[in-house]
Amino acid sequence: AKLGDIRSTCTRLTTFPIPPSYHRHGSRSILLWIGALPFALEGKGHAAVENLFTILITGFVILGLDAIAIQSEQPFDVLPLHEFARGMSRDVIEVLEGWVAMPGVAAISDTPGDQNTTDMPVGAHERQSDSKNQVRRRG
């Protein structure tokens, strides 16, 4: 039940549309602000090199935060989820194969009233018939 809840939550995250206008508007606002920054810093008594350095550092930080926000909005485009899912599938298959090969695990029968297959562990029928054949060969 929990796995189904987690799956439905992930499905909602991947299918929830984030309008592209949000990103466009935010990016344009940031570029406009960075473009206006030199005019705001002009006449404050700083050298041109100081203004340039301040604008470059500020632009780098703000545009970096914008890039992080884009990745946070669409995490499944950035994360290597296909590799993760393949690894999880391999692990699940390995666990299931190990479970089936365990001695003492009751076999699942197609017919509910078949007592011969439900009382014996998986593979016991083959071992039982092999041991009968070996006894017949010896005798």
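Predicted model: local features only at pLDDT ≥ 70, side-chain atom pairs only at ≥ 80, totals over all residues.
1. Start with the overall geometry. Two packed helices are described by the angle between their axes and the distance between the axes. Here helix 2 covers residues 20–41 and helix 3 covers residues 48–73, and the pair packs at about 170 degrees with the axes 10 Å apart. An angle over 145 degrees counts as roughly antiparallel, so that is the label for helix 2 and helix 3.

2. Next, who touches whom. On the helix 2 side the contact is made by H23, S27, I30, L31, W33, I34, L37, P38 and L41. Helix 3 answers with N51, T54, I55, T58, G59, I62, L63, D66 and I70. Sorted by type, the residues of this contact come out as 11 nonpolar, 6 polar and 1 charged.

3. Now the greasy part. The largest nonpolar core has 5 residues: I30, I34, L37, L41 and I55. Helix 2 is the biggest giver here, with 4 residues.

4. I55 deserves a look of its own. This residue is on the helix 3 side of the contact and is among the buried residues of helix 3. Setting aside neighbours within four places in sequence, I55 is in contact with I34, L37, P38 and L41. Of these, I34, L37 and L41 belong to the largest nonpolar core along with I55.

5. Beyond its neighbours within four places in sequence, L41 is in contact with N51, T54 and I55. L41 and I55 are 14 residues apart in sequence, and their C-alpha atoms are 9.0 Å apart in space.

6. What about helix 3 as a whole? It has 26 residues and runs 37 Å from its first C-alpha to its last, close to the 38 Å expected at 1.5 Å a residue. Its buried residues are N51, I55, G59 and D66, and helix 2 is included in what covers them.

7. Last, N51, which lies in helix 3. With a relative accessible area of 10%, N51 is buried. Not counting residues up to four places away in sequence, N51 touches L41, E42 and H46.

Note on methods: Residues numbered from 1 in each chain as written. Heavy atoms only, no water. Axes fitted to C-alpha atoms, helices over the stretch in contact; angles between N-to-C directions. Helix = DSSP H or I, 4+ residues; strand = E, 2+ residues; numbered from the N terminus. Parallel < 35°, antiparallel > 145°, perpendicular 65-115°, else oblique. Contact = heavy atoms within 4.5 Å. Nonpolar A, V, L, I, M, F, W, Y, C, P; charged D, E, K, R; others polar. Core = buried A, V, L, I, M, F, W, Y, C linked by side-chain atoms within 4.5 Å. Buried < 20%, exposed > 50% of the residue type's maximum accessible area, 1.4 Å probe, protein only. Expected span 1.5 Å × (residues − 1).
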